[in-house]
Amino acid sequence: PIAKIIVKRREIVKLLTTYIDVIPELATRWPDGRVRTHFNQYGAATGRLSSSEPLNFQNIPSHNREIRMLLMAKPGYRIRGGDFIRQEPRLTSRYSQDPAMIQAYKAGKDLYAEIASLSFDKPYEECLEFYPEGTEIDYEGQKVICGHKTHQNKAGKQRRTWAKAILLGIIYGRGAKSVGEQIGKSTEEAQEIIDKFFTAFPKVKLWINTTIDNARKLGYVEDIAGRRRRLPDIKLPKYDIKDLSVDSQSNFNPIIGCNDRIIKNPNIDKYRKLLDKVNNRKEYERIQAQALTEGIEIHDNTGFIAQAERQAVNSRVQGGAATLTKAALICIQNDQRLKEIDAKIINTVHDEILIEAPEQYSELAGKYLTEDMINSAKYYVPDVPMDVDYYNVHCWYFDEFVALVQSEFKDLEKSGHSDLESFELMCQNRTESTREQIYEIVHELMIHRPDNVVAVYE
């Protein structure tokens, strides 16, 4: 138990020392009390932006909503955010040109649910996170008709989550063992599901193999815009074999200005042939130890090669995603319509872009932002429909925070607490918010005793 406490303490200390205790001091450096950062164009090998000096805006933890809510609009303004929906799977469809994947997007289907349906031999509707609108289900002992995303399908959500892990695992180069651990299946079961995926989407497998083969030939890969990532390790020999009996310094001939002709150790060819037949790590280590006794040093490069092969595929997908985001940023920056309503970019994290706009123009700003993100992507991904999630908030992640607080309030009510008791408990538990803020979030849910609650918070 103490280990869990230590880990939790480390998490809290990191939040305090990186953000909570630091941001107020940083804000004093500028007259308007707002923190700036430097975005680095080449901060990541995949092409993604990174951020530094004085604060890393790219690494603000997503699991801690309260920290992200520190990013807020100035008075009289709103934050409009746009988030590319499943950027990487769409790019995989574009690269592979798999007809089943592309058709799923053109039909407006959820690709993860489609993958789950084909991988687990279940109807598509049974692999969605929510029951489709109009579906009749048993809910708490009664027959009900589902509305749009009103009733969650737990089994469907689980299958969809597994399908997402499988697809992203393939993109990131994870093996069956790693994917199995993530979805709670054995290596054999995970491999069977992966095989079903490749049967349903055969061109994805072909694209992965072609990408790796081309990287071996060229030593680099390219994203959708032609930006290269060099992968020299992919061209390494499987094993490096060095003759320790040859000392380059003692072999140097000053008269001819170079090394004398070296007599090749006859055992090198013998060990090359032995290494070609190696089937497992234990066998390799035995050969390596034996070679050392004969003055030959062997280094295994297979780990470096495997890592480069994984990066070959991942770099094209993540690099392409970075390109789409950068293209969108340029389009937004140059959009005269946004300039006319005083809307400005304030942050970006991977596939998400935030702009700040005056309250009276926030709806218009959101419309222009979404259009720019989708239209800028069409140049690079013309055959796969792109989509964007958008939001309109005063604080970043405030909409998700509201949903979280309302859910907690409902749970308290279900456990037998009155509205007033639930409100008081929320105020005790959510000390990062004022009583007024909590009341603003939950007042619509308090239908029984709103007057009492209003009196309490006032």
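Predicted model: local features only at pLDDT ≥ 70, side-chain atom pairs only at ≥ 80, totals over all residues.
# Group meeting: a walk through one protein chain

Okay, let's start with one residue. T211 touches V221, A312, V313 and R316, leaving aside residues up to four places away in sequence.

Where does T211 sit? It's in helix α10, which covers residues 202-218. And is T211 buried or exposed? It's buried, because its relative accessible area is 3% and the cut-off for buried is under 20%.

If you follow the C-alpha trace along its principal axes, it spans about 100 × 60 × 55 Å.

Of the 458 residues, 41% count as buried. The chain exposes about 26,100 Å², and 51% of that comes from carbon and sulfur atoms. Now look at contacts with a separation of 6 or more: 62% of them are between residues 24 or more positions apart. On charge, I get 64 positive and 67 negative side chains, and the centres of those two sets lie 7 Å apart.

Next, a helix. Please find α6, residues 111-120. How many of its 10 residues are buried? Nine of them are, so to speak, under cover: the helix is mostly covered. The buried ones are L111, Y112, A113, E114, I115, A116, S117, S119 and F120. Have a look at E114 in particular, as it's one of the buried residues in that list. And what do the buried residues of α6 pack against? They pack against four helices: α4 (87-96), α5 (99-106), α7 (154-171) and α9 (187-200).

Now on to the rings. A pair of aromatic rings is described by the distance of the centres and the angle of the planes. A search of the whole structure turns up eight aromatic pairs. One of them is F197 with F198, and that pair is edge-to-face, with 5.4 Å centre to centre and 65 degrees between the planes. F197 also pairs with F201, and here the arrangement is tilted: 5.1 Å centre to centre, 45 degrees between the planes.

Let's turn to the backbone. Most residues other than glycine have a negative phi, and most peptide bonds are trans.

Spot one is a cis peptide bond. Which residues does it join? It joins E53 and P54, with omega at about 5 degrees. P54 lies in the loop between β2 (50-52) and α3 (65-68).

Spot two is R86. It isn't a glycine, yet its phi is positive, about 45 degrees. You'll find R86 in the loop between β3 (77-84) and α4. That's the α4 that the buried residues of α6 pack against. R86 counts as partly exposed, because its relative accessibility is 26%.

Y397 is in the loop between β14 (388-393) and α16 (398-414). Is Y397 buried or exposed? At 12% relative accessibility, Y397 counts as buried.

Last stop: Q290, in helix α12, residues 281-293. Which residues does Q290 touch, not counting those up to four places away in sequence? K270 and Y271. Take Y271: Q290 and Y271 are 19 residues apart in sequence, and C-alpha to C-alpha they are 9.6 Å apart in space. As for cover, Q290 counts as partly exposed, with a relative accessibility of 32%.

That's my tour. Thanks, everyone!

Definitions and conventions
Residues numbered from 1 in each chain as written. Heavy atoms only, no water. Buried < 20%, exposed > 50% of the residue type's maximum accessible area, 1.4 Å probe, protein only. Contact = heavy atoms within 4.5 Å. Areas by Shrake-Rupley, 256 points an atom, 1.4 Å probe, with all protein chains shown as cover. Lys, Arg positive; Asp, Glu negative; His and termini not counted. Charge placed at Lys NZ, Arg CZ, Asp CG, Glu CD. Phe/Tyr/Trp six-rings, centres within 6.5 Å; stacked < 30°, edge-to-face > 60°. Helix = DSSP H or I, 4+ residues; strand = E, 2+ residues; numbered from the N terminus.
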